[in-house]
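These are my notebook entries on one chain. I set down what I looked up, entry by entry.

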Amino acid sequence: MTYIAIKDLSLTYQTKTKSVHALSHIDLDIEEGEFVSLIGPSGCGKSTLLSTIGALLEPTSGSVTIAGQTVQEVRKQRKIGNVFQEARLLPWRTVGANIAYLSELAGQRPRQSEIQEIADFVGIGAFLNSYPHELSGGMRQRVSLCRAMILDPMVLLMDEPFGALDAITREKMQVELLRIWEETKKTIVFVTHAIDEAAYLSDRIVVMSARPGRIQADYVNPLVRPREPFGRQTHETSDFQSVLHGELMRAETEERTDA
Ligand SMILES: Nc1ncnc2c1ncn2[C@@H]1O[C@H](COP(=O)(O)OP(=O)(O)OP(=O)(O)O)[C@@H](O)[C@H]1O
Ligand SMILES: [Mg+2]
């Protein structure tokens, strides 16, 4: 059953000097509990599309609904969780206070036990009284994930959340995210540049073409779960990654012909 429904969505940015046609006629249905990755060339509109799902940007035409409600309604209820490439934590607040921040904005003060529970679940339970500058990049991203998860969001929107981490920390975070997803059954839309990350994490991989972003291809991930850990790739894994690589090359080539 469709959960996130994106219908004929287009978006043009208007700046003082020009208009940028970022997204063109996007149709995409995502089921409840699905883990979908968006990949595509830089500037093709992945972040823009994610922002329209999160109601951070209004499309020029078309619509996005989640479980039949407009995304604006869902956002008002604070049921959309966002994780960005940078953790965007408030430096003067402790980890615990950062986790509580969005709920406080919504007029709810989460119980300490609730904060502790979510922090333990995401692996930062021992750091509630630390300040963001005392944490590593990976730990800061865990805080950012907690801050989103404590809202019990209907969808979790992640925009290159591990893009700034070193390779080993990234792998650890990917494993953790899969565990969290499997235990919570959240619907996740995940933007990444990395083919291996998309193939490891997602049920489906949606490939976007160069700007204006369109849906070029939509793959059901053929790799069975649990997925092979990194460094022990099977033929199936590398075959699927090659297919995705080919799609990205095609998207890049079309960009050159358009230019
Ligand atoms: N606020 C804005 N005003 C004008 N143009 C914008 C704005 N934000 C993004 N754009 C343009 O819209 C297009 C899509 O941008 P977007 O950030 O969604 O791409 P992306 O696929 O996320 O890229 P990347 O992989 O580099 O993060 C780009 O050409 C970008 O320059
Ligand atoms: Mg982006």
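Entry 1, S10. I began with the accessibility of S10: the residue is buried, with a relative accessible area of 8%. Here buried means under 20% relative accessible area, exposed over 50%, and partly exposed in between, with a 1.4 Å probe and protein chains only. I note that this is a predicted model, in which local features need pLDDT of at least 70, side-chain atom pairs count only at pLDDT 80 or more, and totals for chains, interfaces and linings use all residues. Residues are numbered from 1 along each chain as its sequence is written, chains are lettered from A and ligands numbered from 1 in the order in which they are written, and side-chain values use heavy atoms, with hydrogens and water left out.

I then placed S10 in strand 1, residues 2-14. Helices (H or I, at least four residues) and strands (E, at least two) are DSSP runs, numbered from the N terminus. Which residues does S10 contact, leaving aside its neighbours within four places in sequence? I found L23, S24, H25, P59, T60 and S61, where contact means heavy atoms within 4.5 Å. For H25, I recorded that its backbone nitrogen lies 3.0 Å from a polar atom of the S10 side chain.

Entry 2, helix 3 and helix 4. How is a packed pair of helices described? Two packed helices are described by the angle between their axes and the distance between the axes. For helix 3 (residues 95-105) and helix 4 (residues 112-122), I recorded an angle of about 105 degrees and axes 10 Å apart. The axes are lines fitted to C-alpha atoms, for helices over the stretch in contact, and angles run from 0 to 180 degrees between N-to-C directions. The two helices are therefore roughly perpendicular to each other, since angles of 65 to 115 degrees count as roughly perpendicular, under 35 as roughly parallel, over 145 as roughly antiparallel and the rest as oblique. Helix 3 contributes G96, I99 and A100 to the contact, and helix 4 contributes I115, I118 and A119. By class I noted five nonpolar, one polar and no charged residues. In this scheme Ala, Val, Leu, Ile, Met, Phe, Trp, Tyr, Cys and Pro count as nonpolar, Asp, Glu, Lys and Arg as charged, and the others, Gly among them, as polar.

I listed V95, G96, N98, I99, A100 and S103 as buried in helix 3. The buried residues of this helix pack against helix 4 and helix 5 (137-149). Apart from neighbours within four places in sequence, S103 is in contact with Q108, P110, I150 and L151. After helix 3 comes G107, with a positive phi near 80 degrees.

C44 is buried at a relative accessible area of 1%, and C146 counts as buried at 0%.

I recorded a cis peptide bond from R211 to P212, with omega near -5 degrees. P212 lies in the loop between strand 9 (204-208) and strand 10 (215-220). A cis peptide bond also joins R225 and P226, with omega about -5 degrees; P226 lies in the loop between strand 10 and helix 8 (235-258).

Which value does phi of A67 take? I noted a positive value near 50 degrees, in a residue other than glycine. A67 is in the loop between strand 4 (61-66) and strand 5 (69-70), and is partly exposed, with a relative accessible area of 42%. R78 has a positive phi near 55 degrees. I placed R78 in the loop between helix 2 (71-76) and strand 6 (80-83), where R78 counts as partly exposed at 31% relative accessibility.

Note on methods. A polar contact is a pair of N or O atoms within 3.5 Å; within protein, one must be able to donate a hydrogen and the other to accept it, and residues adjacent in sequence count only if both atoms are side-chain atoms.
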